[in-house]
Every structure is written in structure tokens, then in C-alpha cells.
Amino acid sequence: MADINPPSENHRDIFDLDTDDTIQDNGRRSVRYVRNDIKVVLISKNLLGLDKKIQAQLQDISSKGLRVSAEEKLSINKKITVALKFKDGRRFNMKAKVVRQSSSNKFDYGIKFEERQNDLGDHLLETQTDLLLK
């Protein structure tokens with residue numbers, strides 16, 4: 001019968017979890033698609049509670065959020081609605097929040113959906129024609 005030796009101190013078990021806080025996590029856990037066939041409108045409320053529609057250019061998108069360029073200033077933590085329209089006519093309206101602004105371009109924004117959008121993720125995958133992922 002073979003002698004089974006315990007692993008040495010230098011050996012790392014594949015089941016050990018690394019809890020080292022020095023490893024940085026950028027929080028990205030979804031495939032981001034680069035698409036030019038989706039129209040994006042950002043809808044925010046003005047001081048009177050009326051909808052203000054802002055046309056935006058999509059930079060990339062996932063089931064968790066998107067990155068856009070817009071011609072108008074948006075504030076960080078601003079709650080908005082993101083309206084998407086695909087070439088096939090499918091529409092999605094999602095509650096979201098502006099979570100970051102680009103340091104290189106003050107009109108580039110990171111937007112996070114309030115809830116994970118699995119239907120959107122499925123539709124992105126189904127309608128993807130060019131393999132452009134980030």
C-alpha cells in the first residue's frame with residue numbers, strides 16, 4: 001500500500017481560498033459586448049419631476065450595466081431609466097444609477113442596472129453578429 005504524505009507547506013491545495021486583501025478586484029463579472037446596433041436613451045427626472053431624455057452613444061454593455069457617452073452632464077449616483085432599442089425592435093427599460101464618470105472624458109459614464117438583467121444578457125448573446133467582447 002502506498003504511503004500518503006501530507007502536502008508540504010509550499011503546496012497549495014486547489015480548494016484553499018485566497019483571502020489576501022491585497023488582490024484588487026475591478027468588480028467586473030459579466031461579459032461586456034461592444035455593439036453599434038442598439039439605440040440608447042437615458043431618462044432622468046428634472047426638478048419638476050418631468051422626464052428629460054438624453055441620447056447616448058453605447059460604448060459597451062452587459063447584463064449588469066453599460067458604458068455610454070452623452071452630450072449632457074450627469075451626476076454620480078443619479079438614478080435614471082435606461083431605454084434600449086435593438087435593430088430587431090426589441091426594447092428594454094431598466095432602472096439604473098450612474099456609478100462613475102471617465103477621468104479622460106467628462107461625458108463618458110458607467111451605469112449600473114439596479115437588478116441583473118438576464119433577459120437582456122440572453123438577447124445580447126442571441127443577437128450578437130460580430131465577436132467584439134471586452
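1. What percentage of the 134 residues in the protein is made up by buried residues? Buried residues account for 34%, where buried means under 20% relative accessible area, exposed over 50% and partly exposed in between, with a 1.4 Å probe and protein chains only. This is a predicted model, in which local features need pLDDT of at least 70 and side-chain atom pairs count only at pLDDT 80 or more, while totals for chains, interfaces and linings use all residues. Residues are numbered from 1 along each chain as its sequence is written, and side-chain values use heavy atoms, with hydrogens and water left out.

2. The protein contains six strands and one helix, in the order β-β-β-β-β-β-α from the N terminus. These elements are DSSP runs numbered from the N terminus (helices: H or I, at least four residues; strands: E, at least two).

3. Contact is defined as heavy atoms within 4.5 Å. Of the contacts between residues at least 6 apart in sequence, 56% join residues at least 24 apart. The protein exposes about 10,200 Å², of which carbon and sulfur atoms supply 48%; the area comes from the Shrake-Rupley method with a 1.4 Å probe, and for residues only the protein chains shown count as cover.

4. Which residues of helix 1 are buried? They are Leu120, Gly121, His123, Leu124 and Thr127. Seen down the helix axis, the buried residues fall within an arc of 165 degrees, so they line one face of helix 1; the arc is that of the directions from the helix axis to the C-beta atoms. An α-helix has 3.6 residues a turn, so residues three or four places apart point the same way. The face turned away from the buried side carries the exposed residues Asp119, Leu125 and Glu126.

5. The buried residues of helix 1 pack against strand 1 (38-45), strand 2 (51-61), strand 4 (79-86), strand 5 (91-101) and strand 6 (108-113). Leu42 lies in strand 1 and counts as buried because its relative accessibility is 1%. Not counting residues up to four places away in sequence, Leu42 touches several residues, including Ile54, Val68, Ile80 and Ile111. Leu42 and Val68 are 26 residues apart in sequence, with a C-alpha to C-alpha separation of 9.6 Å.

6. Gln128 lies in the segment after helix 1 (118-127). Is Gln128 buried or exposed? At 17% relative accessibility, Gln128 counts as buried. Beyond its neighbours within four places in sequence, Gln128 is in contact with Tyr33, Val34 and Arg35. The side chains of Gln128 and Arg35 make a polar contact (3.3 Å), that is, a pair of N or O atoms within 3.5 Å; within protein, one must be able to donate a hydrogen and the other to accept it, and residues adjacent in sequence count only if both atoms are side-chain atoms.
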